[in-house]
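Here are a few notes to read with the model open.

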Amino acid sequence: MNATLERQIISPRYEFDSLNPYQPSVSKTQQNFIDKIKLNIDNNSYTLQHSACPCEANDSEDVIVSEIDRYGIPLTSVVCNRCGTVRFDPYLDEESLADFYTNMYRKMYAMDVDDSEDYGDYIASQSSYSEKLLQFISDSLTPASRLCEVGCGGGGSVKFMQERGYDAIGCDYDVAALQAGRRFGVKHLYYGDLSALPAEQKDAKFDLIYLHHVFEHLDQPLKFLQDIRQYLTPNGKIVLIVPDISRIDQFGHLPALGNLLMYLHIAHKYNFSVDGLYRIANRAGFSVENMEFGSSSKSSSPWSSSPEIWMQISPNMTQESTTNLELSSRSSKMLKYLQRTEALFSLGLCRGQIAYKLSALASPNKIVSKLRRMMS
Ligand SMILES: [Zn+2]
């Protein structure tokens with residue numbers, strides 16, 4: 001199917017080269033898992049299947065922009081010229097994804113945590129976005145509000161909300177993360193999704209359901225929103241927090257500044273555009289109520305300073321589409337933005353790269369100590 005699509009590979013480093021494959025800088029353990037995944041794709045143990053952009057565009061509006069992910073795994077990325085969302089297409093089918101998340105994901109991403117102290121840090125770091133989340137939705141919660149975090153991991157944010165007095169629960173498919181959270185005293189953590197809640201939470205309705213860096217992992221984000229509506233109270237809200245590739249030239253984690261390749265990795269099926277999120281929300285029967293650009297935190301982890309889209313949506317009572325048509329004229333600019341950013345990145349001239357260099361110059365102590373290290 002992709003054979004007929006237009007190709008505008010961002011730059012030669014995004015091309016798959018079987019003779020001279022891309023070498024990511026990862027540990028030996030990570031590389032072993034990367035090799036396993038490549039082998040699984042190569043020998044068809046993993047099945048790749050096509051799916052259209054959830055904005056409802058025609059496939060013919062897709063343009064191929066990359067043939068590898070940041071680990072050198074041969075996955076094709078396309079940008080949807082209707083909404084600007086970038087996605088892997090084709091992508092792992094359901095069975096392959098289940099194996100990937102159960103047996104590969106945490107180890108391959110070096111997120112496997114056996115040490116309980118590490119988990120304490122991880123759980124504590126999750127409170128950074130919780131504070132920001134409360135500011136983002138401040139006037140829509142009351143002390144009696146019920147909250148649910150989908151994809152809560154170890155439940156650090158759930159714990160934060162419980163300590164603020166909210167009736168909060170979390171759910172996740174990561175058994176080890178849930179167990180660690182419980183060990184650290186986080187209550188009401190459940191395995192699976194909202195449809196699998198136990199008897200005492202059955203029929204639960206929530207005033208806020210939130211997903212922090214989860215929505216971009218979902219294979220079927222449109223279906224997810226359609227299904228989750230039944231778990232909201234009449235005035236309930238959903239908050240989606242996702243990476244924002246339309247601002248990668250400006251700020252964020254240094255190796256990812258202006259570097260699209262760092263944002264293309266197997267676990268993130270999507271890199272949503274704002275327009276794409278609007279269209280999916282509208283198709284699922286939601287209105288966009290609030291939106292912000294920014295980052296979760298400046299300090300808690302390297303990636304948490306990277307650009308994000310924060311979007312608050314609620315069920316659309318009027319059933320009218322609220323798609324902002326002005327947005328659609330912006331969407332086709334995503335491809336041009338990514339191409340321009342790559343050109344600047346390769347010269348070290350992205351706005352964020354320049355700002356970083358200037359800040360290094362402004363602190364000569366850093367340079368002196370670096371020189372000392374080099375000479376010793
Ligand atoms: Zn689209």
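1. A word on terms before we start: donors here are N, O and S atoms within 2.8 Å of the metal, and water is not among the atoms, so a site may look incomplete. Keep in mind, too, that this is a predicted model.

2. What coordinates the zinc ion, and at what distances? The SG atoms of Cys 53, Cys 55, Cys 80 and Cys 83 do, at 2.3 to 2.4 Å. The site is tetrahedral, with angles of 104 to 116° among its 4 donor atoms.

3. Over to helix 2 (residues 94–108), where you'll find Ser 96. Why does Ser 96 count as buried? Because its relative accessibility is 3%, and buried means under 20%. Setting aside neighbours within four places in sequence, Ser 96 is in contact with Ser 45, Tyr 46 and Thr 47.

4. Last stop, helix 4 (residues 127–136). Its buried residues include Tyr 129, Ser 130, Lys 132, Leu 133, Leu 134 and Phe 136. The buried residues of helix 4 pack against helix 5 (156–163) and a set of strands: strand 7 (146–150), strand 10 (206–212), strand 11 (232–243), strand 13 (286–294) and strand 14 (308–315).

Terms used
Residues numbered from 1 in each chain as written. Predicted model: local features only at pLDDT ≥ 70, side-chain atom pairs only at ≥ 80, totals over all residues. Heavy atoms only, no water. Buried < 20%, exposed > 50% of the residue type's maximum accessible area, 1.4 Å probe, protein only. Helix = DSSP H or I, 4+ residues; strand = E, 2+ residues; numbered from the N terminus. Contact = heavy atoms within 4.5 Å. Donors = N, O, S within 2.8 Å, 3.2 Å for Na, K, Ca; no water. Tetrahedral: all angles 85-135°; square planar, octahedral: opposite > 155°, others 65-115°.
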